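Student: I am new to this structure. Can we walk through it together, one feature at a time?
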Amino acid sequence: QVQLVESGGGLVQAGASLKLSCAASGRTFSSCTMGWFRQAPGKGREFVAASSWNRDSAYADAVKGRFTISRDSAKNTVYLQMNSLKPEDTAVYYCAADRIPGRAPPRYDYWGQGTQVTVSS
């Protein structure tokens, strides 16, 4: 049974940093794209960042230059380092993974339960 478990969310002030983690279990995702999405209150889920099967990274314009995605294949874990946080970054952050190695563009078949990030002004 595949599971993605996020952690690291919390309440911080604007300008602070947080690092989210997503630990995968049940199978390895070293050759699959993994990504982060977020959903703010009253809004739809939006793409934040992705680390592709060949380790290329992609970011939403809103977070480019502030967020960094990374992964540790040995730990089957993907991270999201978030710097210079803004109140508009407040959302539930979800980790997702493609089940098919090397698929492009990726499709996200597995999702975590989400972790809350709240940024106060």
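Student: Let me begin with a single residue. In which strand does Arg-38 lie?

Tutor: Keep in mind that this is a predicted model. Arg-38 belongs to strand S4, which covers residues 34-39.

Student: Is Arg-38 buried or exposed?

Tutor: Look at relative accessibility, and call a residue buried when the value is under 20%. Arg-38 has 6% relative accessibility, so Arg-38 counts as buried.

Student: Which side chains make polar contacts with the side chain of Arg-38?

Tutor: Start with Glu-46: its side chain and that of Arg-38 are joined by a polar contact of 2.6 Å. Then take Tyr-93, whose side chain makes a polar contact of 2.9 Å with the Arg-38 side chain.

Student: What else does Arg-38 touch, beyond residues up to four places away in sequence?

Tutor: The list includes Gly-44, Arg-45, Val-48, Ala-62, Val-63 and Phe-67. Glu-88, Asp-89, Ala-91 and Val-92 are also among them.

Student: Now the cysteines. How many disulfides does the structure hold?

Tutor: First the idea: a disulfide is a covalent bond between the sulfur atoms of two cysteines. This structure holds one. Its partners are Cys-22 and Cys-95, with sulfur atoms 2.1 Å apart.

Student: Where in the chain do Cys-22 and Cys-95 sit?

Tutor: In distant parts, which the pair links. Cys-22 is in strand S3 (residues 18-25), and Cys-95 is in strand S9 (residues 91-97). The two are 73 residues apart.

Student: Why is the disulfide of Cys-22 and Cys-95 called left-handed?

Tutor: Read the torsion about the S-S bond. For Cys-22 and Cys-95 it is about -75°, so the disulfide is left-handed.

Student: Are the two partners, Cys-22 and Cys-95, buried or exposed?

Tutor: Cys-22 is buried, at 0% relative accessibility. Cys-95 is buried too, with a relative accessible area of 0%.

Student: What about Cys-32: how far away is the nearest cysteine sulfur?

Tutor: That sulfur belongs to Cys-95 and is 12 Å away. Cys-32 is in no disulfide. Cys-32 counts as buried, at 1% relative accessibility.

Student: One last residue. Where is Ser-7 found?

Tutor: In strand S1, residues 3-7. Ser-7 counts as partly exposed, because its relative accessibility is 37%.

Student: Which residues is Ser-7 in contact with, leaving aside neighbours within four places in sequence?

Tutor: Ser-7 is in contact with Lys-19, Leu-20, Ser-21 and Thr-115. For a sense of the fold, compare Ser-7 with Val-78: they are 71 residues apart in sequence and 11 Å apart in space, C-alpha to C-alpha.

Terms used:
Residues are numbered from 1 along each chain as its sequence is written. This is a predicted model: local features need pLDDT of at least 70, side-chain atom pairs count only at pLDDT 80 or more; totals for chains, interfaces and linings use all residues. Side-chain values use heavy atoms; hydrogens and water are left out. A disulfide is a pair of cysteine sulfur atoms within 2.5 Å. Helices (H or I, at least four residues) and strands (E, at least two) are DSSP runs, numbered from the N terminus. Buried means under 20% relative accessible area, exposed over 50%, partly exposed in between (1.4 Å probe, protein chains only). Contact means heavy atoms within 4.5 Å. A polar contact is a pair of N or O atoms within 3.5 Å; within protein, one must be able to donate a hydrogen and the other to accept it, and residues adjacent in sequence count only if both atoms are side-chain atoms.
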